[in-house]
Amino acid sequence: MEFITGAIAAIGAGIITNPLDVVKVRFQLQGELKRKGAHKIHYRNFFHAFYVIGKTEGITALQKGLGPALVFQVLLNGTRLGVYEMAEKRKLNLKPDGRVSLLNTICIGSVAGVLGAFAGSPMYLVKIQLQSQAAASIAVGHQHQHQGTIEALANISRQYGVVGLWRGVSGACVRLAVGSCSQLSGFYLTKELLEKHQVLSTEKSLLNTIVASSVGGTLTAFTMNPFDVISTRLYNQEVDKNGKGLLYKNYIDCVRKVFKIEGLSGLYKGVIPQFSRIGPHSVLCLVFWDILKDEFKESRWTHI
């Protein structure tokens, strides 16, 4: 049941926040390996991006990649939150005195994030490539021209083999290791503090969960964004007939080139839509997860 609660929570959050993810991907690919002022700016700011995408491609374009995004959320968070809940039940995240251990939470969160990233990598690959597809007048990054999720998976596996579906997974694993430990550490430590001192409400209240998940989401958005940019670039880049990237040889090469050409600001492209997406997504996902965990504990499902 640990994996089911994590998956259900993630689906609810994913549907609501997908448009923010589309905008984030477009910003991260805009001006790829171009110095500031040397490329055309299609998306000036957060709100302008929504307007331009809606006007040029239609309002439904803001839900591009929703199918693989939801499957990815099931695979990622079903694994990630499921693994963490299993560790939590065994009290592996606690100190001997019963308090939450920051070190243990970071380690468990990182491992859970890497496992989730690997499980969901093929869907994340397709999600990124579908979300980046745009009308020629506002296109950024390489355009893969997929007609849909199934076709994309079939084409990639046919051209590059099954292993081709995991191209870019190195970026995803680092991204989720950082993001997961930041989110879960911020969430659990804040929640423990609020419940212990009853700062906002009584113990185990929904308000405490919302505030704690907000802290976890904020921490995640700013710590994860540079790794998210690298992950997006690796997944979306054009490849040769052997599946080798034409822009970046590997993870380190991608980091080096982005930093050298675009500077530190290049690694923080899309941070506003990132924050706008991760904040609500973390709140919705962790709140749903926390509620579902309690519901399943009290229901007959715990005995299945």
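1. The structure under discussion is a predicted model.

2. Helix α4, residues 102-132, packs against helix α6, residues 169-197, at an angle of about 140 degrees, and their axes are 6 Å apart. Because of this angle, α4 is oblique to α6; the limit for roughly antiparallel is over 145 degrees. The crossing in which α4 passes α6 is right-handed.

3. On the α4 side, the residues making the contact include Gly109, Ser110, Gly113, Val114 and Ala117. On the α6 side, Ala172, Cys173, Ala177, Ser180 and Cys181 are among them. Sorted by class, the contact of α4 with α6 comprises 14 nonpolar, seven polar and one charged residues. Arg175 of α6 is one of the contact residues.

4. How many aromatic pairs does the count come to? The count gives nine aromatic pairs. In the pair of Phe46 and Phe50, the ring centres are 5.2 Å apart and the planes stand at 80 degrees, so this pair is edge-to-face; the class requires planes over 60 degrees apart.

5. Phe46 and Phe50 both belong to helix α2, residues 46-57, where they are four residues apart, about one turn of the helix. Ring pairs also join Phe46, Phe47 and Phe50 into a cluster.

6. Phe50, with a relative accessible area of 23%, is partly exposed.

Conventions:
Residues numbered from 1 in each chain as written. Predicted model: local features only at pLDDT ≥ 70, side-chain atom pairs only at ≥ 80, totals over all residues. Heavy atoms only, no water. Axes fitted to C-alpha atoms, helices over the stretch in contact; angles between N-to-C directions. Helix = DSSP H or I, 4+ residues; strand = E, 2+ residues; numbered from the N terminus. Parallel < 35°, antiparallel > 145°, perpendicular 65-115°, else oblique. Left-handed = near helix turned anticlockwise from the far one by under 90°. Contact = heavy atoms within 4.5 Å. Nonpolar A, V, L, I, M, F, W, Y, C, P; charged D, E, K, R; others polar. Phe/Tyr/Trp six-rings, centres within 6.5 Å; stacked < 30°, edge-to-face > 60°. Buried < 20%, exposed > 50% of the residue type's maximum accessible area, 1.4 Å probe, protein only.
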